[in-house]
Amino acid sequence: MLESLIIAFSTFSKIPMPHIGWTKKGMRYSICFFPLVGAAAGAAEWLLFWLGGVMPADRPFPVLLAPALLTAAPLLISGGIHLDGFLDTTDALLSYRNREEKAAILKDPHMGAFAVIYGMLYVLLSFGLFTAVNRDAMRPVCAGFVLSRAMSGYALMAFPKARKDGMLRAEADNSAGSVKMVMFLEMLAASAAVLALNPVTGGAVLAAAYLTLLLYHHVAMKEFGGVSGDLAGWFLSLCELLMLGAAVTAGMIIG
C-alpha cells in the first residue's frame, strides 16, 4: 500500500516522494490514494486561508495576495497536470472538428489560441472567486479537492475509455475490480464530509460537483467516445472551479 501511495503522489503531484520502482502491483491500487493528493491540496488551501485571517490588523496580508496564493497553491501542488488536460480538451472541444480530429488535437503538444484564452479565464475566475470566499464557503471548498479526485478516480473505473493505450487506460487495466467499489465509497465519504462541514454551502458544492460529473460523462461519450487523461484533467479543473463558484454564490445568497 505504501508503494501505491508513493506512486499516486508521484503521478498527480509535485510533492517530493521517495524514488521507487513502479510495479504492476503498486500501480493497481495507486488510484485509490488519488483523493489523498486532494487532501494535501485542501489542507494547503485551508492553511493559507487561516493565515490570512490571523494576521494582525496592522500588518494584514496584502488584499490581493491571499486570493492569488489560494489560486496558485493547487496548481503548484499538482504541477499543473490537471490544468494541462483542461487546456488541451478546451482546444479540442472548441475546434468543432470530428471525433478523430479532436483526438488528434488532444495528442498535439502545441497550445492553441482557445487554450490560452480559456486558461486565462480559468485563473481569472478562480482569483475573483477567492476574493469573495468566506469561512463557511471555504470549508467545503477545501474538502472538495478530495471529492473531485474521488469522482475522477471513480469515473476512470466506471466510464468507457476513449483510447486503448495511454496512462489512463493502464491505470484502469492494472486495477482490480474492487478498486471501482473503493473509489465509489471514497466518493460517498467525501460527499458526506463536504455536506457535514456546512449544509448550505456544502450542499451547493455537492450539486456543482455531481452536475459536473454528469457533464463529464456526456461530453466524453458524445465528443470523444470515452474518457482519457486529458478529459480527466478537464473534468477535475472544471469541477473545482464550479464548486468554488457554487460555494461563494450560496454564501452570498444566505448573507
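**Asking why, helix by helix**

Mentor: Let's start with Glu240, which has a relative accessibility of 13% and counts as buried. We're looking at a predicted model, where local features need pLDDT of at least 70, side-chain atom pairs count only at pLDDT 80 or more, and totals for chains, interfaces and linings use all residues. Residues are numbered from 1 along each chain as its sequence is written, and side-chain values use heavy atoms, with hydrogens and water left out.

Trainee: Why is Glu240 called buried?

Mentor: Buried means under 20% relative accessible area, exposed means over 50%, and partly exposed is in between (1.4 Å probe, protein chains only). Glu240 is at 13%, so it counts as buried.

Trainee: Where does Glu240 sit, and what does it touch?

Mentor: Glu240 is part of helix α12, residues 229-254. Leaving out residues up to four places away in sequence, it touches Tyr122, Phe145, Ser148 and Arg149, where contact means heavy atoms within 4.5 Å.

Trainee: What makes the pairing of Glu240 and Arg149 a salt bridge?

Mentor: The term asks for a side-chain nitrogen of Lys or Arg within 4 Å of a carboxyl oxygen of Asp or Glu. Here the N to O distance is 2.6 Å, so the pair qualifies. The pair ties together parts that are 91 residues apart in sequence, because Glu240 lies in helix α12 and Arg149 in helix α8 (residues 135-158).

Trainee: How many salt bridges does the structure hold?

Mentor: Two. Glu223 also forms one with Lys102, with the closest N and O atoms 2.2 Å apart. That pair links distant parts of the chain: Glu223 in helix α11 (residues 199-224) and Lys102 in helix α6 (residues 99-107), 121 residues apart. Both of these residues, Glu223 and Lys102, are buried.

Trainee: How many helices and strands does the protein have?

Mentor: There are 12 helices and zero strands. Helices (H or I, at least four residues) and strands (E, at least two) are DSSP runs, numbered from the N terminus.

Trainee: And how do you know how compact the protein is?

Mentor: Its radius of gyration is 18 Å, close to the 18 Å that the globule rule gives for 255 residues, so the protein is as compact as a globular protein of that length. The radius is taken over C-alpha atoms, and the rule is 2.2 Å times the number of residues to the power 0.38. The C-alpha trace spans about 55 × 45 × 35 Å along its principal axes, and 47% of the 255 residues count as buried.

Trainee: Is Tyr96 buried or exposed?

Mentor: Exposed: Tyr96 has 69% relative accessibility, over the 50% mark. Tyr96 lies in the loop between α5 (81-93) and α6. Its phi is near 55°, a positive value in a residue other than glycine.

Trainee: What makes the nonpolar surface patch?

Mentor: Phe114, Ile117, Tyr118, Leu121, Leu124 and Leu125 make it, with about 550 Å² of area. Patch residues have over 30% relative accessible area and no salt bridge; like charges are joined within 9 Å, nonpolar side chains (Val, Leu, Ile, Met, Phe, Trp, Tyr) within 5 Å. Areas come from the Shrake-Rupley method with a 1.4 Å probe; for residues, only the protein chains shown count as cover.

Trainee: Why does Leu125 count as partly exposed?

Mentor: Its relative accessible area is 49%, which falls between 20% and 50%, so the in-between label applies. Leu125 lies in helix α7, residues 113-132.
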